[in-house]
Amino acid sequence: MNVQGRPTRPETAAVPSRETFTRNRGLNMEEALIFETGRLDATGVDIDEPEPFQSRLGPHARGSAIELPGLTEPETIRHYVRLSRNNYSIDAGIYPLGSCTMKHNPRLNEKIARLPGFADVHPLQPVSTAQGALEIIEALADALLTMAGMDAVAMSPKAGAHGELCGMMAIKAAIEARGEGATRRVVLVPDSAHGTNPATAALIGYSVRSVPAGADGNVSAEAVRAALAPDVAAIMLTNPNTCGLFERQIVGIAEAVHEAGAYFYCDGANFNAVVGKTRPGDLGVDAMHINLHKTFSTPHGGGGPGAGPVALSSRLAPYAPVPFVKREGAALRLVEHAEDGASFGRMCAFHGQMGMFVRALSFIVSHGADGLRQASEDAVLSANYIRASLNDVMSAPFGDRPCMHEALFDDRWLKDTGLTTLDFAKAMIDEGYHPMTVYFPLIVHGAMLIEPTESESKASLDLFIMTLRDLAIAAIAGERERFQSAPVDAPRRRLDETRAARQPVLRWTKPQPA
């Protein structure tokens, strides 16, 4: 071990790696595109020739072979296994992306979601045959309402941004029902907000008025009052906010917004920090989306199925979208059409993503109320442990003060090094870590936002902290080459990001024969 407490690098590590014949480097495989390795005469499946038939495509029928690549089964397996080795995941190590909450997905959740009654349920089967699935939805909805302290929940939104849209559409419907749709056309959004907030407001026809964050990273009730006017429909505020800080004046903000006749939309992306500790409804929130992947460990990202239920206060409950589950005696039914005409309508074709509901409820039931509260406490403790362990070598934009679920640093400590936040992030890749979120939130110059979640052990956090300390000490000591050439050991080197943005290659071109 060296003086910084990290394992000493072997002498051979300083020797540049040579170019190999295969372009593989040990177990780091160089894998070609499937279009380059496949052949038209190969397939892993025998397909019978179809019986003669009359095509109804007419002039729209394809006139040439589709030329999809064919691979045998062993070739297919090897292709995807080799690609998977280049993909960092939460199962490989800590995923410190701030704002994203990349937490462990317990395998118990996966086992339950794969039970035949849940995995095979179909949205078009008779409701009488899906009572168990509806009970899952009802139970999850009840749990979410208990934790949020609110009166109704829309389960159909598919993800966070979809949930934002749902909440804001409920607010718009309520305002129009009051006859103020033509006059209240502005939504207040803090300048520290996630970009989906102003985008959602604009999508449904509102203009956006920015509310500045204070020098402490929080939004003050005074700043909100200054921005309020008879044309304001709502405020969209994240709590805890994107700086990893609890909005301490949230009750005063809610009171000011309600006094002005507007509604309070809370971005619930960071609910993982406060579950079991505080209920947003008690703070004056009218609508809040809940990212199931962030708070209740359903799989995150990748373009797959998601879920972003939206909790609504009594002021907005009548305007919730359809469908929703309603109990009638011992049976449950799906209400597909607004029975009183107040609902703003339908968000999507069916009720939601069943697999996400099962996984989330499994997480909630297995943890219990005390376990969910501890998860929040552990997430906050982990973030503060990282913050306190790095604040002597890295600078924090809002001073040495406790954070919530994520620790935020800026680039002031890099000022005289000639290095940037991006350089530091790239060097983390060579150390085997996915970088933290960089350059967000936008109000912090050179931001580095770290969210460890409650999933990590102290040993995992200690190694991560010591790695970042080693990098920070090296940066301050002037080891510029280590950072500006990074990543060296990754499958791909650093991109020319300006050229990639201005001249993107969006289509594969078949190589010409030599």
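Start by selecting β11 and strand β12 (residues 448-450), which pair in the antiparallel sense over two bridges. Keep in mind as you go that this is a predicted model. Within this pair, Val 438 stands opposite Met 448 in β12.

**The three-stranded sheet**

Now widen the selection to the whole sheet. Three strands make it up, in the order β10-β12-β11, and the sheet is open with antiparallel pairing. Colour β10 (407-409) and β11 (437-438) next: each has a single partner strand, so one side of each is left without a neighbour in the sheet.

Side chains of opposite charge can pair when their charged atoms come close. Which residue does Arg 359 meet in a salt bridge? Its partner is Glu 110, at 3.0 Å from N to O. Arg 359 sits in helix α11 (residues 354-390) and Glu 110 in helix α3 (residues 107-113), so select both helices to see how the pair links distant parts of the chain, 249 residues apart. A search of the whole structure finds 28 salt bridges.

**The seven-stranded sheet**

Next, move to the other sheet on this tour. Seven strands form an open sheet here, with mixed pairing, and the order to follow across it is β1-β7-β6-β5-β4-β2-β3. At the edges you will find β1 (152-154) and β3 (207-211), each pairing on one side only. Turn the view to look across the strands: the twist averages 25° from one strand to the next.

Zoom in on strand β2 (residues 186-190), which pairs with β3 in the parallel sense over five bridges. There, Val 187 stands opposite Val 208 in β3. Now bring in helix α7 (residues 196-203), which packs on the sheet and touches β2, β3, β4 (232-238) and β5 (263-267). Its direction makes about 155° with that of β4.

**Empty space inside**

Rolling a probe the size of a water molecule over the atoms shows where empty space is left. How many cavities of 30 Å³ or more does a search of the whole structure find? There are four.

- The largest cavity holds about 110 Å³ of space. Select its lining, which includes Cys 243, Arg 387, Phe 398, Cys 403 and Glu 406. By class, this lining has eight nonpolar residues, one polar and three charged.
- The second largest cavity holds about 50 Å³. Among the residues around it are Asn 239, Phe 246, Ile 250, Cys 266 and Met 288. Nine of its lining residues are nonpolar and two are polar, with no charged residues.

**Last stop: the largest pocket**

Finish at the largest pocket, with a volume of about 630 Å³. Which of its 22 lining residues are closest to the centre? Select Asn 86, Tyr 88, Ile 429, Ala 490 and Pro 491 to see them. Then highlight helix α12 (residues 421-430), which gives the largest share of the lining, three residues. Colouring the lining of this pocket by class gives nine nonpolar, five polar and eight charged residues.

Technical notes: Residues numbered from 1 in each chain as written. Predicted model: local features only at pLDDT ≥ 70, side-chain atom pairs only at ≥ 80, totals over all residues. Heavy atoms only, no water. Pairing = 2+ DSSP bridges. Helix = DSSP H or I, 4+ residues; strand = E, 2+ residues; numbered from the N terminus. Axes fitted to C-alpha atoms, helices over the stretch in contact; angles between N-to-C directions. Contact = heavy atoms within 4.5 Å. 1 Å grid on protein atoms, 1.4 Å probe; cavity = no way out; pocket = protein on both sides within 12 Å on 5 of 7 lines; lining within 4 Å. Points joined across faces, edges and corners; volume = space filled by probe spheres on them. Nonpolar A, V, L, I, M, F, W, Y, C, P; charged D, E, K, R; others polar. Salt bridge = Lys/Arg side-chain N within 4 Å of Asp/Glu carboxyl O.
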